[in-house]
Amino acid sequence: MNQAIRRIWVAAVVLLTIILGATTYVQFFAADALNNNALNSRQLLANYGNPRGAILAGGKPIAESVKTDGGQFDYKRVYNDPELYSGLTGYYSLGSGSTQLESSLESTLAGTSDNQFFDRLSNLFTGTADQGANVELTIDPKIQKAAYDALPDGKKGSVVVTNPKTGEILAMASKPTFDTNLMAVQSSAELAKNRTKLNSTPGLRIATNQSVYERVSPGSTFKLLDLVAGFETGDFAADGEYDNSPKWTPPGTNKMLGNFDGGTCSSQPGKASLKFIVAQSCNTPFGQASQKIGQDKLREVSERFGFNAKPDWLGLAPTSTSVFPKELNDATLAYSSLGQFDVQATTLQMNMVAMGLANDGKLMKPQLVKQVTSPNLQVLQGYKAEEYKTVTTAKIANDITDLMRGPVESGTAMKAKVSGVDLAAKTGTAQIGNTNRVHAWITGFAPADDPTVAITVNVQDLPYSETHGLTSTIMKKVEEAVFNK
Amino acid sequence: MTSMAPPAAPAGGSGRASKPVKVKPQRAKRNLELFLMIPALGVAALADFLVSASPVAPANDTSWITHILVMGLLGLGMNISLRIWAKYADPFILPIVIALNGIGLAMIHRLDLGAAKATTVATSQLLYTGLGMACAVIILWAIRDHRILRRFTYIWLALSVFLLILPLVPGIGREINGANIWIKLGPFSVQPGEFAKITLAFFFASYLGSKRDLILLAGKKIGRLQFPRLRDMGPMLVAWLVALAVLVFQKDLGSALMFFGLFMVMIYVATGRISWIAIGLVFVAAGGTFAMMFMGHVQRRVHVWLDALDPTVYQATGGSYQIVQGLFAMANGGLPGTGFGEGKPNSIPLGNSDMIYASLGEELGLIGLSAIVMLFLLLISRGIRAALGARDGFGKLLATGLSFILALQFFIVTAGVLRVMPLTGLTTPFLSAGGSSLLANWVLIAILLMISHNARRPSTGGGTLSTQEQGMIDRHLKVSTDSALDATPDSTQRLGGETS
C-alpha cells in the first residue's frame, strides 16, 4: 500500500506544481499583457486621482488636471473648449477608458514614460509626487476655431488644415461633436447617464475622430491623383487637349459615364484643354485616360500619397485605411478614376494629397505633437519634421498646381476665392450609389507659389441641391482666418 | 523528498511481519509544536498588523491584537488537548494550519476594511475558527482512536448521501450563485458538501479497507493490466453516479470532481492497480462528455473559461467578470505584490471566499502565493507521512484520502482562479471565509492528527501491531465481520502486486 501512497503524494505534488506554474505565468509572464488589457481599469483607477500633464494648443491648456475639493479623487480632468477639440484630446474616463491622445500619450501624461525616469528618481528622494509631462500640440487655436465655426451645424463634416512644409496639423475639427467633460465625470451613475445620452446623438461616435476614421468616396478630388499618374506616364500634358464628349461608355459595360448634365463641361463637347477640363471637373476625359494609365499605375500613385495604409503614427485611434481597390475591370477602373466605385478616403488622406502637391512633390508626415515639456519646463521632445514619401517630381507638382488655380479662377471652386490669396484647389462631389445624395469635398493649398497651408473640407451625405459652393464657402472662411483677411 | 524517508514504524498491509524492523522510539514533540506555533502566529500577526496599519484601516485599528490573541489561545488549547489525547501526533500539522488560517483571516480583515459598506466577516471567521478548533478537540477527546470509525461503513455512506441530498430538499435548500450546495439552518447557511467529503472518505476507507482482497483477487488480466470483475465495479459505478448526480442536480462541478477524485485515489491506494485509474478516467471522460453535451450550465462555464477575455463574455451576466477581475488583480500584484491595503482586491467578486487566492495574489504577490502553496505542500506531505506510518489499512486509506482531498480541493479552486480549468464554487481550505469549510477542515485535521498519533506512538507490549495482527484482534473481538478480510494472510504477496 505504501508505494501507492507515495505515488499519490507525487500526484499531489504535481497538482501543486501546476498551481505554482500557473501562478507564475499569471503574475509574471502574462502580467504585462493583463495589466494593459483594454478591459482592465485598475491602472486607470490607480492613476486617476494623480495630477496628469496638460494638453495645450497655442500655449493654452485644452485638457488639464484640476484639484477637486474633497471627494474620492484628488484631481479631476477638465477640458476647455471641449467641442472644438473632442476628436484630438479624446477623453480620460474612469468607467469608459481613455481615447485619442489621452490614450496614446498615456505614459507621457501620467509621467511614467522612459524619458521621465530621472524626474521620477529625483521625486523619490525629494518626496514630491510624480507629475506628468505637458504636451503642446501643433494645433493653431485660431484656425481650429475658424474651421469649427465654418462647419455647418446639423451636418456631418470635417476640416483638416496642415502646414505642407513641416507636416504640422494646424486644425482638425469636425461636427457633430460633444463635450468631453461629460465623459470625465467621476460619478459612475452620472457617467452612465451621459454616455447613454451621447450615444443616442445622431451621427456622433464619441470614441472616433471623424477626420481619420470616417472614409467616403473622394469624388473628383481624386482626379488630382489621375493627373499625377497621367503626367508620369505621359497620358496627360499640361498644355494638351483631350476628348470631352458629354457621354462615354467604358469598355465592357453599357453603363454610360457622363459629364454633369447642364454643367459648364457641355459647353465644349468636342476637344477641350486640360486647363478647362480640370477647372470644370469634366468626367469623360479622365475616364478615358484611366484606360491608358492602367489600374496598377493609379494604385501605385495613390499608395505613394498614403492610400491602402493607416496613419497610425498620429496618436489618434481608431484610424481607417483609405482605399484604392484591387482587381478592377475597365469599367470599375473608369469609375475609380473619378473617385467613385470602391475608392474611399478620409479627410486627412485628401489633405495629404494636397500637401504632397503643395510641397513640390515631397509629402511630409502629418503630426500633432509639437513639444513635450516636463513639469519643470525642460523640453523632453521637440518637433521633428519627417518626410512621409516623395510622391512625384517638383515639375509635375507645379504643373498640377497651375491647373488647380483653374477651379478657383473660373470653375467649380470660385466661392473659395479670397482676394489677395493665391489658392489652388480641387472640388469633389461623390454620388452615393444611385441616390440623389452626395459627399462634398474640396482640397487645396495657398498661397499656390509658396504654400503655408493645405486645407481639406469634407461634408458627408447631403442632398445634391445643398452642395453648391458649400465646401468652398467653408474653405474660404478658413483661409480668411489663416491669412487674417 | 527527505520527509518521505521510510517510516519508523513498519508499514502495515504488506504482511511482512516476520521481518524484524528497527523501531526508533518516538518522542511526543508537543514542545516542538508549541515552538513552531511562534513563527506560525508570527506570520499571521505580521499580516494582520500590516492590514491594521495599512491606508484602508481606520486609525488605531487594534483588531489585529484581538485576532492574534484569540488565535494564540486557541492554538495553545489545541496543543494542550493533543498533549492529553494524541500525544504523539505530528508536530508540524497544527502550526501549518494555524499559519494558513491566520493569513486567511488577515486577508478577510483587509477585505472587510476595503468594502464599500464595512463588513465584519473577519469576526465571524474568527468565531468559526474557534468553533472549528473546539470541534477538533471534541473529536480528539471522543474518538481517541481512528479505528473506531471503521465500524460504521454503511452509516457513513447513508450520512454522505443524506448530506448530499439535503440542499435539494425544498424549504431548506438554497441556490447561491447558481449552485444548489447550500442549506439554510435558521440564520446560518451551511454547505453540507464540505462535511460529506469527510464522511465519504470514512466510507471509502472502511469499505475498501475490508473489501480490497476480494477486489484484488478476482478479475481478468488483459495485457499488463488486471481488470476487476464487473460486480466489483459496483462501488466505482456508485461513486461515479453520485458524482454525476452532484453535477446534474447541484450544478456543482467542483464538488463532483472532488468526490470522484477522492474515490479514485482511495481505490488505487487500496488495490495498487493502475487499471482502476484507467477505468476511472474513462468514466470521467464519459461524464464530462455527457455534461458538455446536455448540460447548459456546464457549456456556459466552459465557454466563459475559454473566452474569458472576450469583452462580450466579460460583460455578460454570469460571464467571466469574476475570473478576469481575479486575473487582473494577480497581474497587478506581480512578483512582490502591492502590499496589504495597497491593491484593489475588493473589485473581485467573492474576493474573500472563492477568489481569496486572487486577493492574496494581488497584495502578497507571486512570492506570497508561492509561500502559501509551499505551506499546503508541507501540510499534505505531513498527512501522507501519517498515512505511510499508519499501522492499519483503514488508517492508511483514510489519511491518504483526507490529505489528497486537501490537495484536490486546493487545486480545483485555484486552478479555476488561474484559468487552468473552469472556475467552480469551492472554498480554499483554511483561507476562504466560510463557516462550513472551516469547521469541516478542522475536523479533517483532527482526524489526520489522530491517525498520525497512532502511527507515531510507541507500540504497546511486544512490538508494533501489523494490519494482520490488528485484524486478528478485531476478528477475535468480533468488532466487525468485514474487517476480518483485512487480515487475509499474505494476500498481497500472493498477488505479487505490491512492495511497500
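This is a predicted model: local features need pLDDT of at least 70, side-chain atom pairs count only at pLDDT 80 or more; totals for chains, interfaces and linings use all residues.

Mentor: The contact between the chains takes 46 residues from chain B and 30 residues from chain A. On the side of chain B that touches chain A, the elements that give two or more residues are α8 (253–271), α11 (311–315), α12 (321–333), α13 and α14 (393–417) of chain B, and the largest share, 13 residues, comes from α13(B). Sorted by class, this side of chain B has 29 nonpolar, 14 polar and 3 charged residues.

The chain that carries this surface has 17 helices and 5 strands, and of the 500 residues of chain B, 55% count as buried. Among the contacts in chain B with a separation of 6 or more, 72% are accounted for by residues 24 or more positions apart.

In soluble globular proteins, nonpolar side chains tend to be buried together. Here the largest nonpolar core has 162 residues, and those with the most contacts inside it are A44(B), L262(B) and M266(B). Helix α13 of chain B, residues 356–389, gives the most to this core, with 17 residues, and α13(B) is also the element with the largest share of the side of chain B that touches chain A. A second, separate core has 121 residues, including M172(A), A345(A), L348(A) and L357(A). To return to M266(B), its contacts beyond the neighbours within four places in sequence are F204(B), A205(B), L208(B), L397(B), T400(B) and G401(B).

In chain A, Q210(A) lies in helix α10, residues 210–213. Q210(A) counts as buried because 28 other C-beta atoms lie within 10 Å, where 20 or more are needed. Setting aside residues up to four places away in sequence, Q210(A) touches G87(A), S158(A) and S174(A); S320(A), 110 residues from Q210(A) in sequence, is 9.8 Å away in space, C-alpha to C-alpha.

Helix α15 of chain A, residues 330–337, has L333(A), A334(A), Y335(A), S336(A) and S337(A) as its buried residues. Among the elements of chain A that cover these buried residues are α11 (223–233), β11 (257–258), α13 (284–293) and α14 (295–304). Just after α15(A), G339(A) takes a positive phi of about 70°.

How values were computed. Residues are numbered from 1 along each chain as its sequence is written. Chains are lettered from A and ligands numbered from 1 in the order in which they are written. Helices (H or I, at least four residues) and strands (E, at least two) are DSSP runs, numbered from the N terminus. A residue is buried if 20 or more other C-beta atoms lie within 10 Å of its own, exposed if 12 or fewer, and partly exposed in between; C-beta atoms are placed from the backbone. Two residues are in contact if their C-beta atoms, placed from the backbone, lie within 7 Å. A nonpolar core is a set of buried Ala, Val, Leu, Ile, Met, Phe, Trp, Tyr and Cys residues joined through C-beta atoms within 7 Å. Ala, Val, Leu, Ile, Met, Phe, Trp, Tyr, Cys and Pro count as nonpolar, Asp, Glu, Lys and Arg as charged, and the others, Gly among them, as polar.
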